[in-house]
Each structure stands twice: as C-alpha cells, then as structure tokens.
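I set out to record what I looked up in this structure, entry by entry. The notes begin with charges and rings.

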Amino acid sequence: MLSKSLFQIEITVTLPAFDDLGNLPSGIHQVSWTDFQARFATNSHRQQILVGLKQALRELANSGCQTVYIGGSFVTSKEQPNDFDGCFDPMTVDLYSLDPVFDSAAAQQDRFGGDLKPNPNFVGFFQTDRDGNSRGVVEIDHPEVLHSP
C-alpha cells in the first residue's frame, strides 16, 4: 500500500522591533490583521482607534480593494496616537460600490477616526516622520478583516 504524507508549513511574519525613535525600520512590512491587532492594540485608546480602522478596511474590502498601507504615529510606539493614517490602491476597487466617505478625509475622520487616501503613492510620504527620520509602514492583509469577529 502506498501512502502519501502531507506536510503543512506555517509561516509567521512578525513586525520588527521599533527603533530608538519608536518607529518601525524603513520599508513596507506585510502583516495579517490578527498580527496587526496584536502589535498595535496595546491600550484602550489604541483599541478604540482599531475599531474605526477595521470598519474602514471592511468597507474597502467589500468594494474589492486589495492593498492598504498604514503609516503615521499609529504604527509607532506612541502610546496615544491621535488617529490612523494610510492609503490604499484603488486599482481593484469597484468605484460604484465604494462608499463616498472615501472621497473626503474629513468625512473619514468623523466616521472612522482616521483616513485612508485613495492613492498608493502616499506610501512614500508615510515613510518619513515630521523630523525627517525614516520609518516603516505596514501593509495589512485586510481581506482577513471580513472574517474576523
């Protein structure tokens, strides 16, 4: 009798440690929603911001968005970031089903507590802090958000 053995390989991608300034190292760091939450939901303030981000990501995923990047102070070691900032690639988005809230940063701030710009070129902008220091951004596997509680 011939039998096959199947091997399951699990690859875990973790975000690197913050540098001395509290930033992620330069580059784009890919991570799942679950790992993103584990890393950045470190207090009740950050958890509240994540509620809005999750809602925004669900809206984008439902419209076909494939790629979202989060930058700014939310992906640093700052204890009390004001909000989340990021951008998304609109190439796969069904613009007819996309909620019009994504046309306005102010409307997104009101509804989600942060904003996501419909232009992936902002990734470069988010890779430098206000003092000109390099920092990383996070690319979230956001379709996972559709299936998380």
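Entry 1. I note that the model is a predicted one.

Entry 2. I then looked up a lysine: Lys117 lies over the face of Phe122, and its distance from the ring centre is 5.6 Å.

Entry 3. I returned to Phe18 and asked which residues ring pairs link with Phe18 into a cluster. I found Trp33, Phe36, Phe40 and Phe74 there.

Entry 4. I looked up the number of aromatic pairs in the structure, which is ten. One of them is formed by Trp33 and Phe36, with 5.8 Å centre to centre and 20 degrees between the planes. I recorded this pair as stacked, because planes under 30 degrees apart count as such.

Entry 5. I asked where Trp33 and Phe36 lie. Both belong to helix α1, which covers residues 33-40, and they are three residues apart, about one turn of the helix.

Entry 6. Are Trp33 and Phe36 buried or exposed? Trp33 has 0% relative accessibility and therefore counts as buried.

Entry 7. I turned to Leu57, which I located in helix α2, residues 44-62. Leu57 is buried, because its relative accessible area is 0%. I also looked up Leu57 against Phe88: these residues are 31 apart along the chain, and 9.7 Å separates their C-alpha atoms.

Conventions. Residues numbered from 1 in each chain as written. Predicted model: local features only at pLDDT ≥ 70, side-chain atom pairs only at ≥ 80, totals over all residues. Heavy atoms only, no water. Phe/Tyr/Trp six-rings, centres within 6.5 Å; stacked < 30°, edge-to-face > 60°. Helix = DSSP H or I, 4+ residues; strand = E, 2+ residues; numbered from the N terminus. Buried < 20%, exposed > 50% of the residue type's maximum accessible area, 1.4 Å probe, protein only. Lys NZ or Arg CZ within 6 Å of the ring centre and 35° of its normal.
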